[in-house]
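Me: I am new to this structure. Please take me closely through a single part of it, piece by piece.

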Amino acid sequence: MINTSNRSRSLALAAFVSMAAPSALAAQDEGPVRVSAQTQEDVLTTVTGSPPADLTGLTQGPEIEGLISARNGDRVQITAPDGSKTVVTLGSGTVIKAKGGFLGMGRTALTPDALLNGLPVSVETVEWANRLVATEIGLSNKDLKTAAMIRNGTNQRFEQQGARITQNAAATEALRGRFGDIDQYNLKGTTNVYFDSGKYSLSPEARGELCRAAEDAEAMDNALLLVVGYTDSTGSYEINQELSEKRAGRVVNFLQQECRWKPYRMLTPTGMAASDPAADNASEYGKAQNRRVAVNILVSKSVDGLN
């Protein structure tokens, strides 16, 4: 089991959130930029003019500690532990130092490229042109290494996901189709799971069968899953339609959450109420056969047999 410190968890969360958020900074015309209730989009923008290289003699600003939560050009947003946000400007006179080594001794000068989202920093500032300009930014080598690992790992996952989607582009295009386009696919197999009357919860047996169906589909190139829910003839059409949709939705959620089936490889699920019965509804046995969800393994005819 891997134990993660609160600092590391905060770093990872901040890095992920800030990577997913847009990086657009908002112009501020009055006073040094301090952000509290405004959104990231309201505080990060391009501001004309560059701070002087020599920052000596300027009014001392506050010292800011927190995580880098957004970055756009020479503008960096710092989020403090209390959630308050401050935007600082980088200039040619800004010194960025990483502290580390034995007993914390030794400092390494860094470039602005080292200021990664999610990185804990301590920033000394001065006031210039209604902005806060960073004179010195301090960070630790350990935190920098962790932030870089998070960024690189996230980028790799995005790239792998993108490659996977590209490889299945022809099959994924079929997601635009619905049940009426079934003639565009070759049926490779069907797994039926069954439900108690009026219910849509999955039995332990059904759970195992669904994951086995997902494993079978995973072994096929470009396979998609089409999930269709059914009911027996008991009850009104409205009730049965809703119940069949709930059964299909429950199966889809289980396949994606527990069986790790990718959402982009799932055709639009549908509920068919009591139509297309698998058995005669005149008997209890027949009704039990009709209270089902069919998980169909399909491969688009345009890619069937292609590697």
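Reply: Start with Asn222, which is placed in the loop between helix 5 and strand 10 (223-229). Helices here are DSSP runs of H or I with at least four residues, strands are runs of E with at least two, and both are numbered from the N terminus. The model is predicted, so local features need pLDDT of at least 70 and side-chain atom pairs count only at pLDDT 80 or more, while totals for chains, interfaces and linings use all residues. Residues are numbered from 1 along each chain as its sequence is written, and side-chain values use heavy atoms, without hydrogens and water.

Asn222 is not a glycine, yet its phi is positive, about 65 degrees. Most residues other than glycine have a negative phi. Asn222 has 11% relative accessibility, so it counts as buried. Buried means under 20% relative accessible area, exposed means over 50%, and partly exposed is in between, with a 1.4 Å probe and protein chains only.

Now the helices. Helix 5 (residues 204-218) packs with helix 6 (residues 237-257). Their axes are 10 Å apart, at an angle of about 60 degrees. Axes are lines fitted to C-alpha atoms, for helices over the stretch in contact, and angles run from 0 to 180 degrees between N-to-C directions. Helix 5 and helix 6 are therefore oblique to each other. Under 35 degrees would be roughly parallel, over 145 roughly antiparallel, 65 to 115 roughly perpendicular, and the rest is oblique. The crossing of the two helices is right-handed, meaning that the near helix is turned clockwise from the far one by less than a right angle.

Helix 5 brings Arg207, Leu210, Cys211 and Ala214 to the contact, and helix 6 brings Arg250, Val251, Phe254 and Leu255. Contact means heavy atoms within 4.5 Å.

Cys211 also bonds elsewhere: with Cys259, it forms a disulfide. Their sulfur atoms are 2.2 Å apart, and a disulfide is a pair of cysteine sulfur atoms within 2.5 Å. The structure holds one disulfide. Its S-S torsion is about -85 degrees, so the disulfide is left-handed. Cys211 lies in helix 5 and Cys259 in the loop between helix 6 and strand 11 (270-271), so the pair ties together parts 48 residues apart in sequence. Cys259 counts as buried, because its relative accessibility is 14%.

Arg260 lies in the loop between helix 6 and strand 11. Arg260 has a positive phi of about 60 degrees, although it is not a glycine. At 61% relative accessibility, Arg260 counts as exposed.
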